Amino acid sequence: MRGRAMTRIAGLDLLRGFAIALVMIRHAWPDVMGSSGTIGVVMFFALSGYLITGVLVYDIKRFSKIRYKRFYRNRALRLLPALLFFLLGLTFITLVFDPVGDRPGLLRSVIIGVTYTANIPIDHGTAAIDHLWTLATEEQFYIIWPVILAVGLRTKRVRLVLIVSAAAIIGVLIASMILAAPDVSRVQGLPSSWALAMLIGASARLGEPRISSALARSPIPTGALAAVAFGAIAVLLFVPEDKNSPLTYLVLGPLVSALTVIVIFHVRNWVSLPTQWLRPLLLLGTISYAAYIWNYAIVIWMGGMEMSLADGALSILFTVSAAIASWFLVEKPTAAWKNQIERRDRLGADAARSTHTTALVASTHNASPDQIGCLNVASKIVPPASTKVADARL
């Protein structure tokens with residue numbers, strides 16, 4: 001988001017639209033593009049790490065701290081409404097139709113979904129929520145990463161913190177694969193398996209000034225680099241998916257994350273579309289969060305991922321319809337409510353600053369010249385309010 005209007009960034013919504021399209025294609029027609037589902041999810045993770053780190057860095061620079069209450073409140077208001085709407089739909093469909101015979105596990109499924117624990121290797125009650133492991137991984141990242149980042153920024157050891165974090169993630173991932181062998185695919189939904197993608201996105205945001213400067217000095221235009229990165233992603237889509245290969249987690253994931261970051265640096269300032277032909281993808285990006293939540297469950301309810309061309313298209317149509325309903329019924333109203341809360345908070349902060357300034361001015365009437373000089377210096381140290389924050393509509 002930029003400015004007080006909390007407007008969306010078209011370039012990032014296009015990226016979201018592309019990522020969710022890959023996921024839906026993978027679920028509808030698994031044999032069309034083997035690695036499209038994995039690549040779509042990794043793109044989401046990299047974008048999430050980039051954007052959330054932007055929000056946290058803004059807080060630390062502006063307020064010298066992370067406003068945890070506001071951060072988690074906004075995360076909850078953004079993510080919970082669509083998830084609860086889905087779980088309500090899951091409950092209704094399971095109780096009324098029970099399409100896959102998993103009614104006995106319904107309560108377990110709802111609890112796992114609402115507690116963001118679907119990335120823990122336990123019985124989920126139904127396969128219709130198996131995909132929620134990605135949401136769980138992101139939420140757990142949101143809990144841990146702000147603390148780690150705050151430590152790095154306060155101690156001015158950000159680079160060391162990033163290196164240690166990456167080493168820890170890779171170490172846990174390798175240990176998980178060793179323990180899971182010979183069936184390495186069992187690590188696919190574990191918390192550590194894709195955390196490196198989010199860390200790469202976060203690192204790109206932290207290194208944004210240097211990266212932007214390097215891109216500006218590069219003889220190759222940023223657009224050309226982004227085109228090459230996007231082309232490389234397109235080629236990787238057709239690499240056969242192999243969740244049992246360590247290379248999927250140690251090479252493919254980080255590579256796609258890095259390529260996604262290059263694309264982000266090109267489209268992050270697109271406030272409008274370069275062509276109206278991209279508008280459908282933009283609209284899909286707007287509802288991408290709910291589309292992801294609903295898509296896999298709809299595919300499961302329709303009989304699984306071995307569908308005909310017509311049934312696959314129908315699953316995408318149902319997914320988009322459910323996502324549109326989610327957007328207008330719960331997500332958009334909640335976003336408006338959140339904006340009202342933000343405006344109220346800003347008015348309160350402005351009033352507090354005004355009162356503080358008035359008190360400083362009043363105190364100068366009886367202050368010595370030395371005291372007045374100190375007050376002037378203090379007023380220069382407090383930075384003016386800034387309204388630029390990252391687009392965190394994930």
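A: Let me begin with a term: helices (H or I, at least four residues) and strands (E, at least two) are DSSP runs, numbered from the N terminus. In that numbering T137 has its place in helix α5, which covers residues 133–155. This is a predicted model, in which local features need pLDDT of at least 70 and side-chain atom pairs count only at pLDDT 80 or more, while totals for chains, interfaces and linings use all residues. Residues are numbered from 1 along each chain as its sequence is written, and side-chain values use heavy atoms, with hydrogens and water left out.

Q: Is T137 buried or exposed?

A: T137 is buried, because its relative accessible area is 3%, and buried means under 20% relative accessible area, exposed over 50% and partly exposed in between, with a 1.4 Å probe and protein chains only.

Q: And what is T137 in contact with, leaving aside its neighbours within four places in sequence?

A: With those neighbours set aside, T137 is in contact with F45, N119, L190, P191 and M198, where contact means heavy atoms within 4.5 Å.

Q: Zooming out, how many helices and strands are there?

A: The chain has 14 helices and 0 strands. Buried residues make up 50% of its 394 residues, and among contacts with a separation of 6 or more, 76% are between residues 24 or more positions apart.

Q: Now the packing: at what angle do α1 and α12 pack?

A: Two packed helices are described by the angle between their axes and the distance between the axes. Helix α1 (residues 10–28) and helix α12 (residues 288–301) pack at an angle of about 0 degrees, with their axes 10 Å apart. That makes α1 roughly parallel to α12. Axes are lines fitted to C-alpha atoms, for helices over the stretch in contact, and angles run from 0 to 180 degrees between N-to-C directions; those under 35 degrees count as roughly parallel, over 145 as roughly antiparallel, 65 to 115 as roughly perpendicular and the rest as oblique.

Q: Which residues make that contact of α1 and α12?

A: On the α1 side they are R16, I20, V23, M24 and H27, and on the α12 side S288, A291, Y292, N295, Y296 and V299. The residues of this contact divide into 7 nonpolar, 3 polar and 1 charged, where Ala, Val, Leu, Ile, Met, Phe, Trp, Tyr, Cys and Pro count as nonpolar, Asp, Glu, Lys and Arg as charged, and the others, Gly among them, as polar.

Q: What about α3 and α4, how do they cross?

A: The axes of helix α3 (residues 68–96) and helix α4 (residues 106–114) come within 10 Å and cross at roughly 175 degrees, which means that α3 is roughly antiparallel to α4. From α3 the contact takes L83, L84, L87, L90, T91, T94 and L95, and from α4 it takes L106, S109, V110, G113 and V114. These residues divide into 8 nonpolar, 4 polar and no charged.

Q: Where is D98, and what is its phi?

A: D98 has its place in the loop between α3 and α4, and its phi is near 45 degrees, a positive value in a residue other than glycine. At 18% relative accessibility, D98 counts as buried.

Q: And K156, is that buried or exposed?

A: K156 is exposed, with a relative accessible area of 71%. It is found in the loop between α5 and α6, and its phi, near 60 degrees, is a positive value in a residue other than glycine.

Q: Which residues does the cis peptide bond join?

A: The cis peptide bond joins A181 and P182, with omega about 10 degrees, and P182 lies in the loop between α6 and α7 (195–206).
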